[in-house]
Amino acid sequence: MRPAAQGPDPSVGDLLAAWLPGRRWFPGGHGVRAEPWLAVTFDDPAAAADVVVLLVRLVGGSLPGGRMVAQVPLVLGPPGDHGPGFIAVVRTAAGDVAVHDGAAHPAGWLTMLHAMGATGGRPDDALVAGGRVVAGEQSNTSVLLPGVPAPGGAGAILKVLRTVAPGPHPDVVVPQALTRAGWDGVPRFLGALEVETPPSVALRQAQEPPVETTTRFRQAQPAGGSTALAILSELVPDADDGFELACDHARRGESFAHLAADLGRVVAELHAVLRQAMPPGPPLDPEAFVAALRRRVATAVAEAPSLAPRAPQVADLLDDLHRRLPPLRLQTIHGDLHLGQALHGPSGWRLLDFEGEPQRPVAERGAPDLPLRDVAGMVRSFDYAAAVGGAPDRPGWRAEAAHAFLAGYRASAPPSGMDPPTADVVLRALVLDKALYEVVYETRQRPDWAHIPLAAVDRVLDRTR
């Protein structure tokens, strides 16, 4: 079955409207409207099944800018076929059709692999043998595919992006540049899929009818008007998730310092390689930089009343930052670095997921920034590992891990253009910025957890040590 020329069948739209809000990766909450918008079919005769990629426009006040686009690859089959990722049977003009989430279905994986030219001549059964969806992921859907050929022989991981937008995707551009530079601190980039979305299509208003297009997917190269849909990277064998590893150490009361110090060294290497592998960013505008921090502080204080008594001290810190900040050159960074974005295996640490905050516009996610933004994100992550892991001495475990990470980073980091006192104030301000965001999040979602980032705010402001 292919979508009709006038766009996706209305019954599929109704189905998605009911199914999407229950997905962990679905941005926003109730009140977000799903509007099937662009239907992309494959013209590959080797496609293993009838696969359609729907780009679904999401509209709602809780979304950044009021709207986003979600990708929902669908595998369509006979009504009696209830395979992996089964959603429901829908009745269409062409008859009853079983609809599956293509990101969870082997036919969906195969279609993407075929379109990328990533099969290496292997038979389809071998490509998807042992394939499984990674549990617990929220922003995207990742699939472990040990049968996909890769230089290291361990297989590959296919990341199906769930929120998409036209433009070069940082999780394509940055790992591709790092792999070309020969740096082994990232899983090797193997390829990506993108679809061309002409401006006349990409900029259609939400009330306009859905559009159908048939296109041949290709190995991605950054280009205007293209939208990345999936990314293929080498699988890191026998690796532990960094956050889970830290929590395990905290739970047992074991020091994480040696691993944290090595992680700091790897993050410093990342920033050094990015400085050479990516185009330089613009000069930092100290006035605009501090003004943006002040706006976020005002928003946080308005959202979380517990922050109001601390607002004067926050203002004093930002005043000090404003006086000290020199004009620096910005550069490409990770953008959303924390322990969950790191894997530790027999060969050490690997950093991944360079897409930045998924709900921010693509142009903002990959914008050059200060490397200390990444350092601040990792420092905050140790606090949560201590809490989630239930370390017997949470303050001591957190402080030891954070200090070891910072020592490892500073020993290997490229020159920052800041003297140590200024760098310390910048880092404190960025840790504070992250902690204020966390206070707002926890106040909304998990009030019993708000004390964790609040304590961090107080540490930055020297209320407590």
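Mentor: Asp262 is partly exposed, at a relative accessible area of 24%; buried means under 20%, exposed over 50% and partly exposed in between, with a 1.4 Å probe and protein chains only. This is a predicted model, in which local features need pLDDT of at least 70, side-chain atom pairs count only at pLDDT 80 or more, and totals for chains, interfaces and linings use all residues. Residues are numbered from 1 along each chain as its sequence is written, and side-chain values use heavy atoms, leaving out hydrogens and water.

Trainee: Which residue forms a salt bridge with Asp262?

Mentor: Arg265 does, with the closest N and O atoms 2.8 Å apart. A salt bridge here is a side-chain nitrogen of Lys or Arg within 4 Å of a carboxyl oxygen of Asp or Glu.

Trainee: And what about Arg373?

Mentor: Arg373 forms a salt bridge with Asp433, the closest N and O atoms being 3.1 Å apart. Asp433 is buried, with a relative accessible area of 14%.

Trainee: How many salt bridges are there in the whole structure?

Mentor: A search finds 24. Lys159, Asp171, Asp353 and Glu355 are linked in a network of them.

Trainee: Changing topic, which residues of H6 meet H11?

Mentor: Phe243, Ala246, Cys247, Ala250 and Arg251 in H6 do so, where contact means heavy atoms within 4.5 Å. Their partners in H11 include Ser381 and Tyr384.

Trainee: Is that crossing left-handed or right-handed?

Mentor: The crossing of H6 and H11 is right-handed, that is, the near helix is turned clockwise from the far one by less than a right angle.

How values were computed: Helix = DSSP H or I, 4+ residues; strand = E, 2+ residues; numbered from the N terminus.
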